[in-house]
Amino acid sequence: MRLILLGPPGAGKGTQAQRLVHKHDLIQLSTGEMLRAAVAAQTPVGLQAKDIMASGSLVPDEIVIGIISDRLDQPDMKNGFILDGFPRTVPQAAALDELLKKKHIKLDAVIELRVNESALLDRVENRVAEMRARGEEVRIDDTPEVLSKRLASYRTLTEPLIHYYSERRKLLTVDGMMTIEHVTREINRILSAIGAVEPKASKAAAPARQAKAGARKTAKPAGKKAAKTARKAAKTAPKAAKAASRGAKKAKKATKKTAGKTAKKVAKKPAKKAVRKVTKKRAKR
Ligand code: AMP
């Protein structure tokens, strides 16, 4: 599964990405994390990015595109990934499209976490407090001043991606104001709905599950689309069977009626002939 998580700073992208990684055995590709690691390791990229990041501005596109391109070539990407914090601009999204096309990788969905801006400052403040409590180093850009700059940059540069992916029919929007647990559940629900992951099993759905399992088995070699169609067919099959049986009953009734009528007609015909013959004979006499 290949996903992009989209949302402003503090929307919960990192938290949800970690949960998806855990559940679906994916790799999280967070450009922010990669850049922070580069800054800590003082690599040439890190040295270039350090001040830009501290100010809340965006690192130049070619740097992040280069990082992502290299990472996508690594063998651990095979089972899928979640992009968190990338792309952040329309040119980055276009570059990603090109990269994926060249590498023959298909993007399953872009999940937008929609949140009220007013809640974001509180969330980031909470994150800072939690990090401090855990004794972790606090991000240099997690201050109210830098956050407002990061938010402004999200609005002008990143938000147009909502339209970009919606036009390409990749966008799935989730209410990011729900609890962490609810957001996770909703993400998994929509991923099942689009066929990106197997739907969760329930006791009540046991017979349907068997039908679906059958559908999956038959459809496997034909790919996901065919599996989806087969699953749909498995769902509608009982309805179709009922309709067919109703139809068959009607047909039977109709046949009986027609057969009855025809039989009467057939029976009447020779009788009429016989009557005609008798009348002729009498007339002769
Ligand atoms: P994040 O952890 O996603 O909030 O990113 C932290 C900072 O890293 C951002 O404020 C940017 O300075 C930089 N950064 C992360 N991802 C990107 C990106 N895709 N394009 C440009 N800059 C980025």
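How far from a nitrogen atom of the ligand does a polar side-chain atom of Thr-31 lie? The points below take up this contact and other features of the model, which is a predicted one.

1. The distance from a polar side-chain atom of Thr-31 to a nitrogen atom of the ligand is 2.8 Å. Gln-92 also faces a ligand nitrogen, with an N or O atom of the Gln-92 side chain 2.9 Å away. An oxygen atom of the ligand is reached by Arg-150, whose polar side-chain atom lies 3.5 Å from that oxygen. On its own the ligand has 480 Å² of accessible area, and the protein covers 96% of this.

2. The shell around the ligand. There are 16 residues around the ligand, and those that come nearest are Thr-31, Ser-57, Gly-85, Arg-88 and Gln-92. By class, the shell holds six nonpolar, five polar and five charged residues. Helix 2, which spans residues 31-41, provides the largest share of the shell, with four residues.

3. The chain as a whole. The chain has 285 residues, of which 34% are buried. Its secondary structure consists of 11 helices and five strands. Considering contacts between residues at least 6 apart in sequence, 71% join residues that are at least 24 apart.

4. Packing of helix 7 against helix 8. Two packed helices are described by the angle between their axes and the distance between the axes. For helix 7 (residues 144-158) and helix 8 (residues 160-167), the angle is about 35 degrees and the axes are 5 Å apart. Helix 7 contributes Tyr-154, Arg-155, Thr-156, Leu-157 and Thr-158 to the contact, while helix 8 contributes Pro-160, Leu-161 and Ile-162. Classified by residue type, this contact comprises five nonpolar, two polar and one charged residues.

5. Is Glu-186 buried, partly exposed or exposed? Glu-186 is partly exposed, because its relative accessible area is 25%, which falls between the limits of 20% for buried and 50% for exposed residues. The side chain of Glu-186 makes a polar contact of 2.9 Å with the side chain of Arg-189. Leaving aside residues up to four places away in sequence, Glu-186 touches Val-174 and Met-178. The C-alpha atoms of Glu-186 and Thr-173 are 9.8 Å apart, with the two residues 13 apart in sequence.

6. Backbone features to inspect. Most residues other than glycine have a negative phi, and most peptide bonds are trans. The peptide bond from Phe-86 to Pro-87 is cis, with omega near -5 degrees. Pro-87 is located in the loop between strand 3 (81-84) and helix 5 (90-102).

7. Positive phi values. Asp-25 is not a glycine, yet its phi is positive, at about 55 degrees. Asp-25 sits in the loop that runs between helix 1 (13-24) and strand 2 (27-30). With a relative accessibility of 56%, Asp-25 counts as exposed. His-104, likewise a residue other than glycine, has a positive phi of about 55 degrees. The loop between helix 5 and strand 4 (109-114) contains His-104. The relative accessible area of His-104 is 75%, and His-104 is therefore exposed.

Definitions and conventions. Residues numbered from 1 in each chain as written. Predicted model: local features only at pLDDT ≥ 70, side-chain atom pairs only at ≥ 80, totals over all residues. Heavy atoms only, no water. Near = heavy atom within 4 Å. Polar contact = N/O pair within 3.5 Å; in protein donor to acceptor, adjacent residues only side chain to side chain. Areas by Shrake-Rupley, 256 points an atom, 1.4 Å probe, with all protein chains shown as cover. Helix = DSSP H or I, 4+ residues; strand = E, 2+ residues; numbered from the N terminus. Nonpolar A, V, L, I, M, F, W, Y, C, P; charged D, E, K, R; others polar. Buried < 20%, exposed > 50% of the residue type's maximum accessible area, 1.4 Å probe, protein only. Contact = heavy atoms within 4.5 Å. Axes fitted to C-alpha atoms, helices over the stretch in contact; angles between N-to-C directions.
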